[in-house]
Amino acid sequence: MTAEQVQHECGESLRVRTADPSRTLALLEDASLGDGVRFAAEPDGSIVVSGGFDPARVSALLHQTGQEVLELSMQSRDMEEYFVALMEGGR
């Protein structure tokens, strides 16, 4: 496990669900949302944005590109919660 992986899994992130997740992911990846911003497509169709992102910029991009937003929520997980989930075999 790298420090980058731990940083991605811990701290604040933004959960994004739209009607067209693949299009949304492509739009997010093409946008210049800042250095160190990462995107992860989840099995449930949601996209997790982490790193030095600005939630307002993500929201504005989704609005400007006509994406039908189903969920836009901030999430926070500390290192202890992450390692407990790992020990239980989850994510």
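**Fold and overall form**

I began with the secondary structure of this predicted model, and the chain has 4 helices and 4 strands. Reading from the N terminus, I noted the order α-β-α-β-β-α-β-α.

Next I looked up the overall dimensions. The C-alpha trace spans about 40 × 25 × 20 Å along its principal axes.

I then turned to contacts. Counting those between residues at least 6 apart in sequence, 67% join residues at least 24 apart.

**Surface and charge**

I found that 33% of the 91 residues count as buried. The chain exposes about 5,700 Å², with carbon and sulfur atoms supplying 48% of that area.

For charge, I have 7 positive and 16 negative in my notes. Their mean positions lie 4 Å apart.

**A look at helix 2**

Which residues of helix 2 are buried? Within residues 21–30, I listed Thr24, Leu25, Leu27 and Leu28. These four cover an arc of only 165 degrees around the axis, so they sit on the same side of helix 2. Ser22 and Asp30, on the other side of helix 2, are exposed.

What do the buried residues of helix 2 pack against? I found three strands to write down: strand 1 (11–18), strand 2 (38–41) and strand 3 (47–50). Helix 3 (55–64) is also a packing partner of these buried residues.

Note on methods: Residues numbered from 1 in each chain as written. Predicted model: local features only at pLDDT ≥ 70, side-chain atom pairs only at ≥ 80, totals over all residues. Heavy atoms only, no water. Helix = DSSP H or I, 4+ residues; strand = E, 2+ residues; numbered from the N terminus. Buried < 20%, exposed > 50% of the residue type's maximum accessible area, 1.4 Å probe, protein only. Contact = heavy atoms within 4.5 Å. Areas by Shrake-Rupley, 256 points an atom, 1.4 Å probe, with all protein chains shown as cover. Lys, Arg positive; Asp, Glu negative; His and termini not counted. Charge placed at Lys NZ, Arg CZ, Asp CG, Glu CD. Arc of directions from axis to C-beta.
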